[in-house]
Amino acid sequence: MLRVRLKADGRLVEVLPDGSERAIASDPRAIAGAAHHAARADEARYARDVRGRTGLTQAAFAARIGVPVETVRNWEQGKRSPRGPARSLLKVIEQAPDAAFAVLAKAR
């Protein structure tokens, strides 16, 4: 468990098990950047997991959902995050892949 202490001068420090302290980023932009990076990593893991459960390659998955393979690759590498309709489609595929792919096949 991470223990953090706010110092009187506004700095944030991590309290180590031996009681000593280690400075952590106090720049709000650095903290926001770290949070953004963590969220992007979670999105990449989610996209990878959804596709992985289907047993399809990136190319086959991309073809089934009608996007370029680069899009799927970017999602899974954390370069881009699925947003809006793409995020909703991944949720549907996660819950009911057979139904989702059947509907998508009829749409073509």
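## Terms and basis of the model

A residue counts as buried when its relative accessible area is under 20%, as exposed when that area is over 50%, and as partly exposed in between, with a 1.4 Å probe and protein chains only. Helices (H or I, at least four residues) and strands (E, at least two) are DSSP runs, numbered from the N terminus.

This is a predicted model, in which local features need pLDDT of at least 70 and side-chain atom pairs count only at pLDDT 80 or more, while totals for chains, interfaces and linings use all residues. Residues are numbered from 1 along each chain as its sequence is written, and side-chain values use heavy atoms, with hydrogens and water left out.

## The chain as a whole

The protein chain contains five helices and three strands, and reading along the sequence gives the pattern β-β-β-α-α-α-α-α. The C-alpha trace spans about 65 × 25 × 20 Å along its principal axes. The radius of gyration, taken over C-alpha atoms, is 20 Å for the protein chain, whereas a compact globule of 108 residues would have a value near 13 Å, by the rule of 2.2 Å times the number of residues to the power 0.38.

Of the 108 residues, 21% count as buried. The accessible surface of the protein chain comes to about 7300 Å², of which 56% belongs to carbon and sulfur atoms; these areas come from the Shrake-Rupley method with a 1.4 Å probe, and for residues only the protein chains shown count as cover. Where a contact means heavy atoms within 4.5 Å, 41% of the contacts between residues at least 6 apart in sequence join residues at least 24 apart.

## The three-stranded sheet

The strands form an open sheet with the order β1-β2-β3 and antiparallel pairing, two strands being paired if DSSP finds at least two bridges between them. Because β1 (4-6) and β3 (21-23) stand at the edges, each with a single partner strand, one side of each is left without a neighbour in the sheet. Neighbouring strands of this sheet are turned by 35° against each other on average, direction ignored; the axes behind this angle are lines fitted to C-alpha atoms, for helices over the stretch in contact, and angles run from 0 to 180 degrees between N-to-C directions.

Between β1 and β2 (residues 12-15) the antiparallel pairing runs over three bridges, with Val4 opposite Glu14 and Arg5 opposite Val13. These two strands form a hairpin with five residues between them, and Gly10 in its turn has a positive phi of about 95°. The pairing of β2 with β3 is likewise antiparallel and runs over three bridges; here Glu14 has Arg22 of β3 as its bridge partner. A hairpin with five residues between the strands is formed by β2 and β3 too, and Gly19 in that turn has a positive phi of about 95°.

## Before the sheet

Leu2 belongs to the segment before β1 and counts as exposed, at 56% relative accessibility.

## Helix α2

In helix α2 (residues 58-65) the buried residues are Phe61, Ala62 and Ile65. They lie on the same side of α2, because they cover an arc of only 100° around the axis, the arc being that of the directions from the helix axis to the C-beta atoms. The helix is followed by Gly66, whose phi is positive, near 80°.

Glu76 lies in helix α3 and counts as buried, with a relative accessibility of 6%. Leaving aside residues up to four places away in sequence, Glu76 touches Ala44, Ala47, Arg48, Arg51 and Gln58.

Gln77 is also found in helix α3, and at 46% relative accessibility it counts as partly exposed. The C-alpha atoms of Gln77 and Arg45 are separated by 8.5 Å, although these residues are 32 apart along the chain. Arg83 sits in the loop between α3 (69-77) and α4 (84-95) and is exposed, with a relative accessible area of 53%. Its C-alpha atom is separated by 9.9 Å from that of Glu43, 40 residues away along the chain.
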